[in-house]
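Here are some notes to read beside the model.

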Amino acid sequence: MRVVVGLLLLLLGLCGSGAQGDGGGLGEVGEIREFQETAPRDAVEELTEQTTKPTTPDIWAEVRAVRDMVVKLELYVELLQRDNSDLQTRLSSSESELLLSKSRIDQLERENAVQETRLTATESKTSDLEKKNTDLQTRLSSSESELVLSKSRIDQLERENAEKPKVAFYTALTDAGYVGPQNTDITLKYSKVFTNIGNAYNPATGFFTAPVKGVYYLQFTVSGNHTGLMGVYVFKNNQRIMYNVEWKEETLYKYFTNSVILELLAGDEIHLVLPSTYSLYDDGDNHNTFSGSLLFPL
């Protein structure tokens with residue numbers, strides 16, 4: 001760079017001496033000496049060597065060469081300045097892009113933090129849902145097991161219920177009105193049968209026969225409409241186990257009801273007997289009834 005500055009100064013000096021004409025040789029030497037005091041040492045030595053040559057035309061040729069060199073240097077400097085300007089522009093652009101990249105990176109980091117937070121929450125919810133699903137599966141398995149047991153128990157009860165004998169009957173005495181009095185005891189035949197599940201009651205004989213061993217509930221209602229005695233005996237097989245009697249004076253209806261719970265063997269018989277001189281009254285209103293059912297088998 002120092003050589004370029006020296007050459008520029010030398011060119012200015014030569015241009016000034018050219019205005020004095022061809023006889024300006026001494027002036028040129030003076031200018032050269034003045035330039036030696038200010039120009040760099042290397043340039044002065046080179047110029048001094050050139051001035052010591054005997055021919056003047058060689059100096060001007062070298063001056064032109066220096067001028068051309070200066071022009072080239074100016075062009076090179078201009079190119080360097082353009083390159084520097086381009087580099088500065090590219091640097092500014094790169095710095096702007098770098099800022100944008102940093103801003104985008106910051107934004108992406110924030111978004112990533114949000115996504116990580118959401119992912120953590122989702123994983124937590126997923127874990128909770130998995131636990132709940134496990135609990136539900138356990139409860140479902142338990143419910144299914146209970147359902148299987150319930151179905152098994154229902155099937156067992158249905159089988160037991162199907163195998164269990166069903167016995168129930170309900171009857172009324174007659175539509176003929178008065179029954180008795182007579183001189184002997186008579187078996188009451190309840191001829192109007194309303195219910196006879198299991199066909200354990202026989203209306204032709206008036207006997208109820210236990211089809212299976214078990215506990216039975218039996219009930220009867222007695223009604224009279226005649227002055228005198230009314231009542232019944234209750235027989236189990238050939239043994240009298242209950243006696244019920246009532247004296248009736250008025251001509252209006254009179255009633256009494258009684259019941260019994262008996263343990264019977266299969267084939268045991270129950271029937272009601274009207275004692276001699278006793279009377280009953282029945283008609284379409286069913287004042288005298290006899291009923292019973294199996295409570296449970298044994």
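1. Is Val234 buried or exposed? The model is a predicted one, and in it Val234 lies in strand S8. Val234 counts as buried because its relative accessibility is 2%, and the cut-off for buried is under 20%.

2. The surroundings of Val234 come next. Leaving aside neighbours within four places in sequence, Val234 is in contact with Phe220, Gln239, Arg240, Ile241, Met242, Ile270, His271 and Leu272. Val260 is 26 residues from Val234 along the chain, and the C-alpha atoms of the two are separated by 9.6 Å. Both Val234 and Val260 are named in the lining of the largest cavity, which is the topic of point 4.

3. Now the chain as a whole. It has 298 residues, of which 27% count as buried. Its secondary structure comes to 4 helices and 13 strands. Take the contacts between residues at least 6 apart in sequence: 71% of them join residues at least 24 apart.

4. How many cavities of 30 Å³ or more are there? The count comes to 1. The volume of the largest cavity is about 30 Å³. Its lining is made up of Leu218, Gln219, Phe220, Val234, Val260, Ile270, Leu272 and Phe290. By class, 7 of the lining residues are nonpolar and 1 is polar, with no charged residues. Strands S7 and S11 (269–274) each supply at least two residues of this lining. The most comes from S7, which gives 3 residues.

5. In soluble globular proteins, nonpolar side chains tend to be buried together. In this model the largest nonpolar core has 30 residues. Those with the most contacts inside the core are Leu188, Phe208, Phe220, Ile270, Leu280 and Phe290. Two or more residues of this core come from each of the elements S7, S8 (228–236), S10 (254–264), S11 and S13.

6. Which residues does Phe290 touch, leaving aside its neighbours within four places in sequence? They are Phe169, Tyr170, Thr171, Tyr190, Tyr201, Gln219, Phe220, Ile270 and Leu272. Phe290 is also named in the lining of the largest cavity, and it is among the residues with the most contacts inside the largest nonpolar core.

7. Strand S13 (residues 289–297) has two pairings to follow. Strand S1 (residues 168–172) pairs with S13 in the antiparallel sense, over 5 bridges. Here Tyr170 has Ser291 of S13 as its bridge partner. Strand S7 (residues 214–224) also pairs with S13 in the antiparallel sense, over 8 bridges. In S13, Ser293 stands opposite Tyr217.

8. Asn196 is in strand S4. It counts as partly exposed because its relative accessible area is 21%, and the cut-off for buried is under 20%. Along the sequence Asn196 and Ser291 are 95 residues apart, while in space they are 9.4 Å apart, C-alpha to C-alpha. Apart from neighbours within four places in sequence, Asn196 is in contact with Ala168, Phe169 and Tyr201.

9. Two residues deserve a check of their backbone angles. Most residues other than glycine have a negative phi. Asn199 is not a glycine, yet it has a positive phi of about 50 degrees. Asn199 is found in the loop between strand S4 (192–197) and strand S5 (201–202). With a relative accessible area of 64%, Asn199 is exposed.

10. Asn286 is the other residue for this check. Its phi is positive, about 60 degrees, although Asn286 is not a glycine. The place of Asn286 is in the loop between strand S12 (280–282) and S13. Is it buried, exposed or in between? Asn286 is partly exposed, with a relative accessible area of 23%.

Methods. Residues numbered from 1 in each chain as written. Predicted model: local features only at pLDDT ≥ 70, side-chain atom pairs only at ≥ 80, totals over all residues. Heavy atoms only, no water. Pairing = 2+ DSSP bridges. 1 Å grid on protein atoms, 1.4 Å probe; cavity = no way out; pocket = protein on both sides within 12 Å on 5 of 7 lines; lining within 4 Å. Points joined across faces, edges and corners; volume = space filled by probe spheres on them. Nonpolar A, V, L, I, M, F, W, Y, C, P; charged D, E, K, R; others polar. Core = buried A, V, L, I, M, F, W, Y, C linked by side-chain atoms within 4.5 Å. Buried < 20%, exposed > 50% of the residue type's maximum accessible area, 1.4 Å probe, protein only. Contact = heavy atoms within 4.5 Å.
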